[in-house]
Amino acid sequence: MEKLVYSFPASKSIDHRAHVGVVGSGDLEILVEPSDEKKTVFEIRTGITGFEDTWKKVIERFVSQNDISAFIRINDFGATPGVVSIRLAQAVEVTTNGSNHN
Amino acid sequence: MAQIITESLVESLARERAFQLLDKESAYELLGPFDGLESPHLVAQNIVPQFDDGMIIVKGTLNGQKTVIISIEGSFQGGGIGEVSGAKLAGTLEKVIKECEKGNKIYPIIIYDTGGVRLQEANYGLLSIAEISAAIVALREYVPVIGIIPGKVGSFGGMSLTAGLCSALIMTREGRLGMNGPEVVEQEAGIRELDSKNKQLIWQMIGGSIRNEASLADILVEDDIPNFKNAIQNILSGEVELRHRTKQVDHFLTLYKSLDLSDKLTPNQAIEYLTTETANRNEELQVPNEIVNSTGRKWFDLLTDNQPSLSEIPSVLVADTTISGVNARVIAVVPNPENKYYRARKGEIGLLEGWAIAKYVRQAIEEDSNKTEKRLIIPIVDVPSQAFGYHEELFGIYLACSAAVDAYATARLSGHPIVAALVGNAISGAFLSHGMQANRLIALNDDGVNVHVMSKKSAAIITQRTIEELDEAAKEVPSMAYDIQSFNKLGALYRLLDGVNAKEPNSEDKNVLVHAILDAYNDIKNSTDRDLSCRLKSDIAQSSGRKASIQVREMIDLQWT
């Protein structure tokens, strides 16, 4: 298991917290919580070690497209960069629209 | 026009499943991912955890009736039961018992998608499954406990034993129900016994459709949410008769005694046997010529002063005795090299053994039903495993184990003090069936006494690690170790007895064990608890062994509204 932490400046607050995904084969779990600090902080735990550069690129791309003050925690079980990006987009959608249940 | 849009339960994640079934706007989740109750033991082994540990608890109403759904996430670690996930399931059921006792009926539904014990937490899974089983048996007195096995994973291992305890089971054709997964049977018994790659055969053995035809599952549904809701409604309204399979001791025991295993029986034959009346089959088992003097048998002979066994199954010894004036029934499972169930010749718990335990525990309950002083029951635990075999899976060994669990739990709830004596191996489904439902556990501190959930070889294959890696991990996480000192660190033992010769006991060794059994007996008598809660109250459990289990239960209490 490898732990990666990234922090980027942010300005906009989010309405809802979000939880998407599952720590299953080729997938990941994302938890997004609103933050008072003007930052997007990522805390990533991944079972696939040695892909720090790839993670950095995926996260930088996400931050360049989404300005949210949030604490984002990720549990990864071998998701591809594509799956990571889709799950992040899904999580952002939930922070705007509210819970994905009910 | 025919409805063509279906809402799939099988394809959904565990959380979605629970919300899909409950009435809209009524449902809320307890101990959700934001509470961050993840497994401390996975992190300690460098394995990525999940924020909810793969167990989702959602409370609400279903067709207007108060319901709590506990849904297992099969995609996370194969739905394996660890300390946190196990405590979430057991703790929720325990909470529902308390509500029902107050007259507040809540209907519990368990959605199974699990391979059984999470091997990376091993004995925590075992302890949790014993607690889940205990809670289901207690809860069934108030409300039907409904199990749903939608697939993909199905329900295996110790969790299949809890599925067998449910009041009613709903399955789909994609669900499977069995004790030992096909890969494990192949690993333990060889490819001639079962070829795990023969998927067609495996579906014919343990698939939902077959289990339903063989009358082991109550309702088979097509995968669409309204179908599941209707099935649940039909169970709660009484339209579907509850079969109480684990109590049908005569039917199953007579059947298994009479089977001729000289050729492999086919799945179709199994269905026919399982659904036909067995009243006119009355065969006695042969008395074996060879007696194996196993550790379990030695202790049985010592504790009963060499009394003959009154059991009709040679591999299950039963005798009544008095221990310092206390009436007691002693039960041991021993090897029978002539057992016609050839996968259960070394003292394993198989089809006959599980049902025989059920028979003789239930006999004690019945005989003592009008007495104020219920007989002490002493399971002597020296069991290498459950039986891994083709016929065992085909005919539902999980249910034989459920029946034994049910009998012990029922005896405990009706006031029989049960003290299990771990004198040898106490392993996996065999220990769950014979010993784990005891009020108190006593173990001998001996290198021949081991507690674990799967042979190292099989555990290595399933978790894709080497045996060396497993041994290394066991140093960090005591629940993964096999020795009794490590098991003691989890806080479930009432006593760990030093200085007793486990393998060649003499009368002095006997006195030490008897003394401890009497201590435990008095401790039970002085307590009002009839559940397994003492395993969470010991000093070791509170200070280290079961911290997460305790915390989970406290949080369920806090978040329950």
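Select B:Arg140, B:Gly164, B:Leu165, B:Cys166, B:Ser167, B:His244, B:Arg245 and B:Thr246: these residues line the largest cavity. This is a predicted model, in which local features need pLDDT of at least 70 and side-chain atom pairs count only at pLDDT 80 or more, while totals for chains, interfaces and linings use all residues. Residues are numbered from 1 along each chain as its sequence is written, chains are lettered from A and ligands numbered from 1 in the order in which they are written, and side-chain values use heavy atoms, with hydrogens and water left out.

A cavity here is a set of points, on a 1 Å grid over the protein atoms alone, where a 1.4 Å probe fits but cannot get out; lining residues have an atom within 4 Å of a point. The largest cavity holds about 80 Å³ of space, a volume being the space filled by probe spheres set on the points, which are joined across faces, edges and corners. Its lining has two nonpolar, four polar and two charged residues (Ala, Val, Leu, Ile, Met, Phe, Trp, Tyr, Cys and Pro count as nonpolar, Asp, Glu, Lys and Arg as charged, and the others, Gly among them, as polar). The count of cavities of 30 Å³ or more is four.

Next, select B:Glu94, B:Lys98, B:Asp531, B:Leu532 and B:Ser533, which lie nearest the centre of the second largest pocket among its 27 lining residues. A pocket is an open set with protein on both sides within 12 Å along at least five of seven lines. About 770 Å³ of space lies in this one. Charged residues number 14 in its lining, beside 10 nonpolar and three polar. To see the largest share of the lining, six residues, colour α3(B) (helices are DSSP runs of H or I, at least four residues, and strands runs of E, at least two, numbered from the N terminus).

Now show both chains. 22 residues of chain A are in contact (heavy atoms within 4.5 Å) with 22 residues of chain B. The two chains bury about 1900 Å² between them, 65% of it on carbon and sulfur atoms; buried area is the accessible area (1.4 Å probe) that two parts lose on being put together, summed over both.

Zoom in on A:Arg45 and B:Glu38, which form a salt bridge with the closest N and O atoms 2.7 Å apart. The rule (a side-chain nitrogen of Lys or Arg within 4 Å of a carboxyl oxygen of Asp or Glu) finds one salt bridge across this interface. On the side of chain A that touches chain B, β2 (18-21), β3 (27-34), β4 (39-46) and β5 (70-77) each give two or more residues. That side divides into seven nonpolar, nine polar and six charged residues.
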